[in-house]
Amino acid sequence: MRDAHDIERAVGMAYYVSDADGVGGRLRASPADFRVTERERFETQPVGADPGPYPHLVVRVTLADWETNDFASELSDRLGISRERVSWAGTKDKRAVTTQLFSVDGIEPDDLPEISGVDIEVVGRTGRPILFGDLAGNDFEIVVRDPDAPENADAITADLRAFAESDEGDDAVAVPNYFGQQRFGSRRPVTHEVGLAIVRGDWEAAVLAYVGNPSEYEPERTREARAFVDETHDWQAALQRYPGHLGYERSMLHRLVEGDDGPADFRAALESVPTNLQRLFVNAAQSYIFNRILSERLRRGLPFARPVAGDVVCFADTDTPAGLAVPDTDRTQPVTDGRVRAITRHCERDRAFVTAPLVGTETELGEGEPGEIERSVLDAVGVEPADFDRPGEFHSTGTRRAVLVRTDLDIERDPLRFAFSLPRGSYATVLLREYRKRDPAKR
């Protein structure tokens, strides 16, 4: 175990599992170097089905150098519909080639526009929008360009196989199931700060964390605009300084111009952005707390691949594609002293998974040392489960998440290429960070 970079520690990822030096290199030298294809599990009706009971058109979209939210906005604008009528199962990175399903409410195939860098295939119709649970996982094929020491990959793989605690002959590797840097902002990790302020009921601090709060990794004009907001709170003048591409920040500023800086105005400013971004703020706060819990578990030397007394495990989803073990966090069980051995056998066969909480109003913390870790992190952050009782999209009941992600990994050389599959919600960059051990701000 070794210390992580400062920007990773800022989002709760305090350590690397592997002690070996990294391979270095560059991610996403071109979008084609980072390919993501969804493992789908969503049934549709034929495209010619009656749109009355099946109003949502389902399309398979391949995006080159498009962030998912940006594409959804562009598609809705071209169609002349509300962005809320476009849904998908998982948000993907911009600098990549990604293939995933979208559903669009109330349109016909002939309505679909041609968009540069986008290939759209009509799949069928459905009676409801696509949701997060409709995604089983993702297949990845990632090239690391110009590695400094590609020979280090073997030592890192050995460390990650040991962490997986797999049976003899099983070549799977494993890493802590951290939320990756992009969950919080790759170069300006602030979404969790916004979320924590919301959870604490400090609407003004939440807005300023997003609109102000300049980062050294941003362009000079953006830094100056954010600094101006922090210093003056002059929303109208700030609008003249903000670059046009910062659309969400500008939406908040426009709403603040209309108010008198009361708590309701700051909350309304946060509610001026799309609902999925509103949810993301609180989700990022939960993710940050989760990452800190995992880091503390690592620091204390508790296992990830098997439980200890006081843990809570979940069981495997039985409705998933072959070769992909997906945790079902709706089926959980506390681990007592008398059940450790039996549950360990389930974990060894990918039938059960040790979990940690994504804290919300209905969270029940663990017992023993795992529970002590969870409570100590919440105390350090200054929140408790009841704090997630917030209005609208900012409310969360919470859930649990597996602490370990295991995968079969294929590595090729020249170029250095990684191919693997992960269950939904797990991050390819979390596996790749163990191999590269490079500052995320430098890609």
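Modeller: Axes here are lines fitted to C-alpha atoms, for helices over the stretch in contact, and angles run from 0 to 180 degrees between N-to-C directions. The model is predicted: local features need pLDDT of at least 70, side-chain atom pairs count only at pLDDT 80 or more, and totals for chains, interfaces and linings use all residues. Numbering starts from 1 along each chain as its sequence is written, and side-chain values use heavy atoms, with hydrogens and water left out.

Start with H5 and its partner H8. H8 covers residues 247–257, and its axis lies 10 Å from that of H5, at an angle of about 140°. Helices (H or I, at least four residues) and strands (E, at least two) are DSSP runs, numbered from the N terminus. That angle makes H5 oblique to H8 (under 35 degrees is roughly parallel, over 145 roughly antiparallel, 65 to 115 roughly perpendicular, the rest oblique). H5 and H8 cross in a left-handed way (the near helix is turned anticlockwise from the far one by less than a right angle; clockwise is right-handed). In contact (heavy atoms within 4.5 Å) are Val207, Tyr210 and Val211 of H5 with Tyr248, Glu249, Met252, Leu253 and Leu256 of H8. By class, this contact has 7 nonpolar residues, no polar and 1 charged (Ala, Val, Leu, Ile, Met, Phe, Trp, Tyr, Cys and Pro are nonpolar; Asp, Glu, Lys and Arg charged; the others, Gly among them, polar).

H5 also packs on H9. H5 spans residues 203–211 and H9 spans 263–270; their axes are 8 Å apart, at about 40°. That makes H5 oblique to H9. H5 passes H9 in a left-handed crossing. On the H5 side stand Trp203, Glu204, Ala206 and Val207; on the H9 side, Pro263, Phe266, Arg267, Ala269 and Leu270. This contact has 7 nonpolar and 2 charged residues, with no polar ones. Val207 of H5 takes part in the contact with H9 and in the contact with H8.

On a 1 Å grid over the protein atoms alone, a cavity is a set of points where a 1.4 Å probe fits but cannot get out; a pocket is an open set with protein on both sides within 12 Å along at least five of seven lines; lining residues have an atom within 4 Å of a point. Points join across faces, edges and corners, and a volume is the space filled by probe spheres set on them.

The model has 3 cavities of 30 Å³ or more. Helix H10 (275–300), strand S12 (352–358) and helix H12 (368–381) each give two or more residues to its lining. H12 gives the most, 3 residues. Ile293, Arg297, Asp311, Thr355, Ala356, Pro370, Ile373, Glu374 and Val403 form the lining: 5 nonpolar, 1 polar and 3 charged.

The second largest cavity has about 40 Å³. Around it sit Glu38, Glu40, Phe42, Ala89, Leu101, Ile130, Asp134 and Leu135. Its lining counts 5 nonpolar and 3 charged residues, and no polar ones.

The second largest pocket has a volume of about 340 Å³. Of its 20 lining residues, Val312, Thr332, Thr363, Glu364 and Arg400 are closest to the centre. Strands S11 (327–334) and S13 (399–402) each supply at least two lining residues. S11 has the largest share, with 4. This pocket lining divides into 5 nonpolar, 10 polar and 5 charged residues.
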